[in-house]
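Dear colleague,

Please find the structure below, handed over for your study.

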Amino acid sequence: MIPPAAPDPTTADSTTADSTTADSTTAHPANADPAAAGGPAVPVSSAPTPEELVRHHTVYSCVMGSRAFGLATDDSDTDRRGVFLAPTPLFWRFEKPPTHVEGPAREQFSWELERFCELALRANPNILECLHSPLVEHADATGRELLALRGAFLSRRVHQTFARYAAGQHKKLMADVRQHGAPRWKHAMHLLRLLGSCRDLLRTGELVTDVGEDRGRLLAVKRGEVGWPEVERRMEVLAAEADEAVAKSPLRAEPDRPRVEDFLLRTRRASAH
């Protein structure tokens, strides 16, 4: 059976707001008090709004969800995810820029670069898959360097984080089965996809989001054409295969944190100037 869910402080749901969000809409001087320095008062412009940070400071954006996984149908939404770089001087204020922003477009969610890298180093499934989306819509020089770092984020930590996320989703599906007699089939499909992705990542060292030849089998689950006992059996098999793949995985034991931190420091310095 899939192990029971445990609290996971490293996993953030990419569809909901993070409790660490800071309010960036209040303006504070980035420079010292002119009056205290004996100089004339200098007007200070307001900090950009969260929407402006996404509109004008996005370094990477992509399409995620069913369209990136190769599971889109006529009624599928277009889920957009992105990374924005808050200008370094904003961190010198009392009110820090937000760690993430929902919107401004429908089904759009973005993370500030540092938060994104932090979650990726923790092997957050949503973040790692975002970095490997085949549907990239925008990447400037910083975004391209971020994409070039994809391998630095990958490690055998994915086994634990993917498994914890899967356990939490399985618990929700079981609650639906007990209450309604059947799970939410779309969620069951995506859990099977995630478990297969984890197994293949551990086996090959590469994260591939498109399900390829498994599309038909997975969509049959989404349509409710496969009984829950069989779906649960498949989940158990995939989880067991992932467990077996860990020992021989080509992935390193830990992510390359120094390489990622060097990238972040260089990017912050460049933004400061």
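In this predicted model, Arg-268 and Glu-112 are both buried. These two residues are joined by a salt bridge, with their closest N and O atoms 2.9 Å apart. Arg-268 belongs to helix H11 (residues 257-272) and Glu-112 to strand E4 (residues 108-112), so the pair ties together parts that are 156 residues apart in sequence.

Arg-193 counts as buried because its relative accessibility is 8%, under the 20% cut-off. Glu-129, at 3%, likewise counts as buried.

Glu-241 and Arg-203 also form a salt bridge, and their closest N and O atoms are 3.9 Å apart. Glu-241 is in helix H10 (residues 228-245) and Arg-203 in helix H8, so this pair ties together parts that are 38 residues apart in sequence. Are these two residues buried or partly exposed? Glu-241 counts as partly exposed, with a relative accessibility of 22%, and Arg-203 counts as partly exposed at 45%.

Both residues also take part in a network of salt bridges that links Arg-199, Asp-200, Arg-203 and Glu-241. In total, the model contains 19 salt bridges.

A colleague

Note on methods
Residues are numbered from 1 along each chain as its sequence is written. This is a predicted model: local features need pLDDT of at least 70, side-chain atom pairs count only at pLDDT 80 or more; totals for chains, interfaces and linings use all residues. Side-chain values use heavy atoms; hydrogens and water are left out. A salt bridge is a side-chain nitrogen of Lys or Arg within 4 Å of a carboxyl oxygen of Asp or Glu. Helices (H or I, at least four residues) and strands (E, at least two) are DSSP runs, numbered from the N terminus. Buried means under 20% relative accessible area, exposed over 50%, partly exposed in between (1.4 Å probe, protein chains only).
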